[in-house]
Amino acid sequence: MRRPWFLFTCLVFGYAFLYVPIILLMFYSFNESRLVTIWGGFSTKWYGTLLENQQMLDAARRSLEIAAISATVACVLGTVAGLVLARFGRFRGRTLFSGMVTAPLVMPEVITGLSMLLLFVAMEQLFGFPQGRGMLTITIAHITFCLAYVAVIVQSRLVSLDESIEEAAMDLGARPLTVFFWITLPIISPAVVAGWLLAFTLSLDTLVITSFVSGPGSTTLPVYIFSKVKLGVTPEINALATIIVVIVTTGVVIAGGLLVRHEKKRRRDEQLAFAAGS
């Protein structure tokens, strides 16, 4: 009888450990005092101050742009990589390809950032591209880093997918490309969306890799905040973090609702198809 209470207590402590710091950060964004650890009364003045801090706003906008582009490209390439690993069986070079795809998962970010920096320097000397370090090099590095996560998520979904559905479509005359876009992709779309959201979050949060491949005029929000933390956290950072949390939470809730609706529709279609077949 005590086991449910123990599990419930562990659940409460686990969620508290994850979300209480975020709630405190949002709470202190409405602090009147400039000291983020001392409550001086309710105020929204730091949100107004944030709107006047053009440097921080530019860093936030730049981070969102890089995260959106990186997540989209990584989602496309990661889906293709996951499809190859899950559907092409054993082929020459599979072990090498699988290792190259999943290497960023276990590689320390310091090593990844340094290797990307050396690659960009060598490419610039040989081909003249890319010219210097900026948003382009950051985006390429983030795509390389996030691609592995998308590939693993998509591959795990494809492995559990019943291949008889695709085989039935091809038996009816559908071409492989048609089967992928009309059958496989809609079924694995929850995994693709989850991979995109994870890639977006990882890109938005990456600090170490970005520090290696960024240059003047391409400071992202994590790099900007890290440089300011050395001098002390200001309530402006809390206000910006609160806005980002609200935006990301809204996006996750909307995506979750769409995925739930899609799953219900898929199950209803399967029941109708089964009823028609029987």
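I looked up polar contacts between domain 1 and domain 2 and found three residue pairs, both residues at pLDDT 80 or more. I took a polar contact as a pair of N or O atoms within 3.5 Å, one able to donate a hydrogen and the other to accept it, with residues adjacent in sequence counting only if both atoms are side-chain atoms. The side of domain 1 that touches domain 2 has three nonpolar, one polar and two charged residues.

This is a predicted model, where local features need pLDDT of at least 70 and side-chain atom pairs pLDDT 80 or more, while totals for chains, interfaces and linings use all residues. Residues are numbered from 1 along each chain, and side-chain values use heavy atoms, without hydrogens and water.

Next I checked salt bridges (a Lys or Arg side-chain nitrogen within 4 Å of an Asp or Glu carboxyl oxygen), and the count between domain 1 and domain 2 is zero.

I then noted the bounds, which come from an automatic or database domain assignment: domain 1 is 7–52 and domain 2 is 53–234. Six residues from domain 1 and six residues from domain 2 make the contact, meaning heavy atoms within 4.5 Å. The C-alpha centres of the two domains lie 31 Å apart.

Methods
Nonpolar A, V, L, I, M, F, W, Y, C, P; charged D, E, K, R; others polar.
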